[in-house]
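Subject: Structure handover and summary of findings

Dear colleague,

Please find the structure below, handed over for your use.

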Amino acid sequence: MIFLANEAGYYQKVSKSSFKILGYQPEELIGKSFRELIHPDDFQATLEIRKQIMAGIPSADFKNRYFKKRRVNHSPELVCHT
């Protein structure tokens, strides 16, 4: 999944693969914050990597767990991607 988020962390562009990976159509994610989808245990590490990226330091090997749209037994499914 490829996306572009603004400085505040809101998705501005999202690839079509978001549906296959997370169950969301790209237009469902536009305007949402990345904070809404990332597992709480991954949040702090995500903020640190985000700071590096915003400072111009690229990252190619970072993993996050994201909540999928579909929920089973009222618990979120997770998917991990770099």
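Helices, as the word is used here, are DSSP runs of H or I with at least four residues, numbered from the N terminus. In helix H3, glutamate 48 and lysine 51 are both present, three residues apart, which is about one turn of the helix. Please note that the model is a predicted one.

Overall composition

The protein has three helices and four strands. Read from the N terminus, its elements follow the order β-β-α-α-α-β-β. Of the 82 residues in the protein, 29% are buried. The accessible surface amounts to about 5700 Å², and carbon and sulfur atoms contribute 54% of that area. Among contacts with a separation of 6 or more, 33% are between residues 24 or more positions apart.

Salt bridges

Side chains of opposite charge can pair when their charged atoms come close.

Glutamate 28 and lysine 69 form a salt bridge through their side chains, with an N to O distance of 2.4 Å. This pair connects distant parts of the chain, since glutamate 28 belongs to helix H2 (residues 26-29) and lysine 69 to strand S3 (residues 64-72), 41 residues apart. Glutamate 28 is partly exposed at 28% relative accessibility, and lysine 69 is partly exposed at 37%.

Is threonine 46 buried or exposed? With a relative accessible area of 7%, threonine 46 is buried, because the limit for that class is under 20%. Threonine 46 is located in helix H3 (residues 43-54). A polar atom of the threonine 46 side chain lies 2.8 Å from the backbone oxygen of aspartate 42. The side chain of threonine 46 also makes a polar contact of 2.6 Å with the side chain of asparagine 64. Leaving aside residues up to four places away in sequence, threonine 46 touches Phe34, Ile38, Phe62 and Asn64.

Isoleucine 38 has contacts of its own: with residues up to four places away in sequence again left out, isoleucine 38 touches Phe43, Thr46, Asn64, Arg65, Tyr66 and Phe67.

Nonpolar core

Which residues make up the largest nonpolar core? The core has eleven residues in all: Tyr11, Val14, Ile21, Leu22, Tyr24, Leu29, Phe34, Leu37, Ile38, Leu47 and Tyr66. Strand S2 (11-14) and helix H1 (17-22) are the elements that give two or more residues to this core. Phe34 and Ile38, both members of the core, are also among the residues that threonine 46 touches.

With kind regards

Technical notes. Residues numbered from 1 in each chain as written. Predicted model: local features only at pLDDT ≥ 70, side-chain atom pairs only at ≥ 80, totals over all residues. Heavy atoms only, no water. Buried < 20%, exposed > 50% of the residue type's maximum accessible area, 1.4 Å probe, protein only. Polar contact = N/O pair within 3.5 Å; in protein donor to acceptor, adjacent residues only side chain to side chain. Contact = heavy atoms within 4.5 Å. Areas by Shrake-Rupley, 256 points an atom, 1.4 Å probe, with all protein chains shown as cover. Salt bridge = Lys/Arg side-chain N within 4 Å of Asp/Glu carboxyl O. Core = buried A, V, L, I, M, F, W, Y, C linked by side-chain atoms within 4.5 Å.
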